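Thanks for coming. Please look at the model on the screen while I go through a few places in it.

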Amino acid sequence: MIYEFALEPELVATWHDRRNFLFFEEKFGLRTRRIVSAYPKKWVSQVWKAFRNSPEGNNQNAERNLDALLRDLTQNMVKRPNTFPDIPEWILRAETEHAERPFYAIIANNNPNIRDFVILKDDLIESGCHKCWSPPDTPIIRRNADELATAIAPLLRASRHVIFIDPYFDPNKRQFVQPFSKFFIE
């Protein structure tokens with residue numbers, strides 16, 4: 001399974017400095033089963049805005065470093081719709097989104113509501129672990145529509161083109177159509 005992580009834009013904006021990013025290097029991607037979530041929809045723009053508002057905002061080397069990092073992070077990024085625009089603070093917005101459609105974890109600079117699914121960057125770097133950091137072994141997925149849809153939802157959101165191949169698919173039988181329709185709802 002693939003696990004979706006929401007990253008605070010202000011946090012990622014500091015990763016132009018290798019010292020801030022070193023722990024997270026090569027920790028995201030399909031091979032690690034940790035995928036970055038583009039939440040909200042304009043997540044990349046929010047990272048750039050935070051960078052431009054930082055003391056390093058005019059540093060061309062820092063800008064190039066961040067640009068390369070964002071290209072890498074967004075390569076397999078999971079796209080999410082823009083929800084809860086009325087909540088201005090990113091962490092509160094992400095917590096609200098998590099209640100509707102859970103991330104595996106949220107990585108942020110602070111955890112104002114002391115949520116167990118929010119990983120503080122400093123704590124993670126210091127200890128190297130958190131119960132939500134390491135994806136569990138791949139569970140056995142029962143062959144029902146809900147579990148199948150939940151299992152492949154992050155992969156579908158990360159995909160640009162999807163081709164379903166099932167030699168036994170019969171559109172006249174509900175047992176085949178129900179999982180297929182759930183894939184597009186998740």
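V162 sits in the loop between helix 7 (145-158) and helix 8 (174-185). Helices here are DSSP runs of H or I with at least four residues, strands are runs of E with at least two, and both are numbered from the N terminus. This is a predicted model, where local features need pLDDT of at least 70, side-chain atom pairs count only at pLDDT 80 or more, and totals for chains, interfaces and linings use all residues. Residues are numbered from 1 along each chain as its sequence is written, and side-chain values use heavy atoms, with hydrogens and water left out.

Together with F164, F169, V177, F180 and F184, V162 makes a nonpolar surface patch of about 510 Å². Nonpolar side chains, meaning Val, Leu, Ile, Met, Phe, Trp and Tyr, are joined within 5 Å, and like charges within 9 Å. The areas come from the Shrake-Rupley method with a 1.4 Å probe, and for residues only the protein chains shown count as cover.

Now the inside. In soluble globular proteins, nonpolar side chains tend to be buried together. A nonpolar core is a set of buried Ala, Val, Leu, Ile, Met, Phe, Trp, Tyr and Cys residues joined through side-chain atoms within 4.5 Å. The largest one here has 30 residues, and V12, W15, F24, F28, W43, I107 and W133 touch the most other members. Elements giving two or more residues to this core include strand 1 (3-7), helix 3 (43-52) and helix 4 (60-74). Apart from this core lies another, of 10 residues, with I91, A94, F103 and A108 among them.

What does F24 contact, leaving aside neighbours within four places in sequence? The partners of F24 are W15, I107, K121, L124, I125 and W133, where contact means heavy atoms within 4.5 Å.

Next, strand 2, where S37 is placed. S37 counts as buried because its relative accessibility is 0%. Its side chain makes a polar contact with the side chain of E4, at 2.9 Å. A polar contact is a pair of N or O atoms within 3.5 Å; within protein, one must be able to donate a hydrogen and the other to accept it, and residues adjacent in sequence count only if both atoms are side-chain atoms.

A cis peptide bond joins Y39 and P40, with omega about -5°. P40 is also one of the residues that Q46 touches, along with P9, W90 and R93, not counting residues up to four places away in sequence. Q46 belongs to helix 3 and is partly exposed, at 26% relative accessible area.

Last, two backbone angles. E26, in the loop between helix 2 and strand 2, is not a glycine, yet its phi is positive, near 60°. E26 counts as exposed because its relative accessible area is 58%. F84 also has a positive phi, of about 55°, although it is not a glycine. F84 is partly exposed, at 23% relative accessibility.

Note on methods
Buried < 20%, exposed > 50% of the residue type's maximum accessible area, 1.4 Å probe, protein only. Patch = residues over 30% accessible without salt bridge, like charges linked within 9 Å, V, L, I, M, F, W, Y side chains within 5 Å. Salt bridge = Lys/Arg side-chain N within 4 Å of Asp/Glu carboxyl O.
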